[in-house]
Amino acid sequence: PPRNSNAARDIAYALHPYTDHKAHLETGPVVISRGKGVRVYDDQGKEYIESVAGLWCASLGFDNERLVQAAATQMRKLPFYHAFTAKSHEPLIDLSEMLIERAPAKMSKVFFANSGSEANDSAIKMIWYMNNAIGRPEKKKLIARIKGYHGITLAAASLTGLPVNHKLFDLPLPGFHHVSTPHHYHNALPGESEEAFATRLAEELDAKIIAEGPETVAAFWAEPIMGAGGVILPPATYFPKIQAVLKKHDVLMVVDEVICGFWRTGSYWGSQTLGIEPDILVCAKALSASYLPISAVMVNEKVFQGIAEGSSTIGTWGHGFTYSGHPVPAAVAIETLKIYDEMNMGDHVAKVGAYLQAQLRARFADHPLVGEVRGTGMIGAVELVADKATKRNFDPAQKVGIRLTKVGEQNGVILRSMANDSLGFSPPLIITEEEVDEMLNRFGKSLDEIMVTVRR
Ligand code: PLP
C-alpha cells in the first residue's frame with residue numbers, strides 16, 4: 001500500500017482480531033470508511049454489499065438515522081451512569097422490561113454486559129453462584145458442542161468448540177465438555193434419518209451426563225443454529241430431545257442467541273424456530289443493531305431465586321462491568337427493538353428470507369463446487385466440496401474459502417468463509433429481494449472465477 005495511506009498506517013500500528021499477521025503485513029486491510037443500507041464503501045470509494053452484516057450483526061444496515069439520534073439524545077441527557085450497588089437509570093429499566101416482554105419463555109430478570117463473550121461468562125458465573133447459594137457447589141460442569149461458538153474470553157472460549165480458540169491457550173478450562181455437532185450432512189451414519197440422528201445425539205448427551213455424574217453437571221450451552229461453526233441447523237426434533245435429557249438430570253438449558261436473536265432465523269428468537277425453552281438466554285449483536293456494544297443475559301425465576309438466595313447465604317454476587325447497562329447503548333437498543341416492531345420485521349424476514357433461501361438453492365445447489373446449501377430465514381451457508389459424491393472438503397492448505405472471499409471483494413461483495421469452506425450469508429435484515437439478487441450475482445461470479453483455480 002502507498003506510504004501514509006490508511007492501509008500503510010494500519011500495517012504500521014494495528015493489531016487485528018483473528019488475523020494472519022504475516023500475510024497482513026504484506027497485503028494490509030480493506031479500510032471501510034462509510035456505509036449506506038446494506039452496502040459499505042472503502043476509503044478508495046469502492047462499494048461492497050455486506051453479505052454477513054459485518055459479523056452477523058448490523059441488522060438495520062449501516063445508516064440508520066434513528067439510532068444515531070437515540071444515542072445523541074441519551075448522551076446529552078445522561079452520558080454515563082452505572083448499575084452497581086443499587087443504582088439504576090431509565091434506559092436500563094426500559095430495556096430490561098422490553099426484553100422480558102419479548103422473551104421466548106417466561107423470564108424474570110435481565111443482566112447487561114458489553115459483548116457476547118462477557119454475557120456468556122456472566123451466565124456461567126450466575127450458574128456457579130446460584131448452585132453454591134442453594135447448597136450444591138459441586139454442580140458446576142458445563143456441556144457445549146463441538147463447533148459451537150460462544151466467544152473468546154477464557155470461560156466463553158472454553159464453551160466454544162473450535163480448535164483455533166483452544167490450542168495454545170490451555171483451553172478448555174477444567175469442567176468444560178463438548179458433545180457432537182448436530183450436522184446431519186457430515187455426521188449422520190450411512191442411511192441414518194434426521195430423526196434417528198437427533199435421537200442418537202440426545203443419547204450421547206444422556207450418556208455423557210451420566211458418565212460425569214448428574215450431580216456435577218450444571219448446564220448445557222447451545223446456539224439454536226450454530227453460526228461461526230458453519231451455519232449448522234440441527235434436525236427439527238434435536239432440541240426437544242436434548243431438553244428431555246436435561247430435564248431428567250436437572251441440568252439448565254442456556255441458549256446463546258447472540259446471532260439468532262431478533263428475527264435472524266425467521267422468528268423473533270432462534271429458540272422459537274428450533275423449539276427451545278431456555279432457562280437462561282444470552283443475546284447481543286442485533287440487540288443494538290451493533291451500533292454500540294451491548295449484550296444481555298435473561299434468567300428465569302428459578303435461576304433468579306437461586307441468585308437472590310445467595311445474598312443471605314454466601315454473600316454478594318461479585319460480578320459486573322463498569323459498563324453493564326451503559327445508558328447510551330441501552331438507549332440505542334431500545335430504539336432498535338422499537339424499529340423491529342414498527343417495521344414488522346417478522347413479515348419482512350418471512351418474505352425476503354424465503355426468497356434468499358430459495359435463490360441460494362436454485363442458483364448454487366447444483367454448482368460443481370457446492371456440497372450443501374443450508375439455512376432458514378435470513379441466515380444461510382453454501383459449503384464448498386472437492387467431491388460432491390463423497391462430501392469431501394478441499395484440502396485446507398488450498399484455502400479455497402478464503403481465496404473466494406478475496407475474489408468476492410474484487411467483485412463488490414464482502415463474504416465470510418468458515419470451517420470446511422462454508423460461506424455464511426447473514427445480510428442486514430433490511431435487505432430487499434433486488435439486493436439479494438445483486439449480492440448473489442456477485443457471489444456466483446466469484447464462485448465461477450475461483451472454480452478454474454482449485455485442485456480437486
Ligand atoms: N456467541 C455467539 C453465538 C457468537 O456468534 C459470538 C460472536 O460472534 C459470541 C457469542 C461472542 O460475542 P462477542 O464477539 O461480542 O464477544
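Biologist: What is the order of the strands in the open sheet of four strands?

Modeller: The order is β1-β2-β3-β13, with mixed pairing. Strands here are DSSP runs of E with at least two residues, helices are runs of H or I with at least four, and both are numbered from the N terminus. This is a predicted model, in which local features need pLDDT of at least 70, side-chain atom pairs count only at pLDDT 80 or more, and totals for chains, interfaces and linings use all residues. Residues are numbered from 1 along each chain as its sequence is written.

Biologist: What makes β1 and β13 the edge strands?

Modeller: β1 (32-36) and β13 (413-414) each pair on one side only.

Biologist: Why do we say that β2 and β3 pair?

Modeller: Two strands pair if DSSP finds at least two bridges between them. β2 (residues 39-42) and β3 (residues 47-50) have three bridges, in the antiparallel sense, so they pair. Valine 40, for instance, has tyrosine 48 in β3 as its bridge partner.

Biologist: How do you know whether the span of helix α12 agrees with its 13 residues?

Modeller: The expected span is 1.5 Å times one less than the number of residues. For α12 (residues 301-313) that gives 18 Å, and the end C-alpha atoms are 18 Å apart, so the two agree. Just after α12, glycine 315 takes a positive phi of about 100°.

Biologist: How does the chain's radius of gyration fit a compact globule?

Modeller: The radius is taken over C-alpha atoms, and the globule rule is 2.2 Å times the number of residues to the power 0.38. With 456 residues the rule gives a value near 23 Å; the chain has 22 Å, so it agrees with a compact globule.
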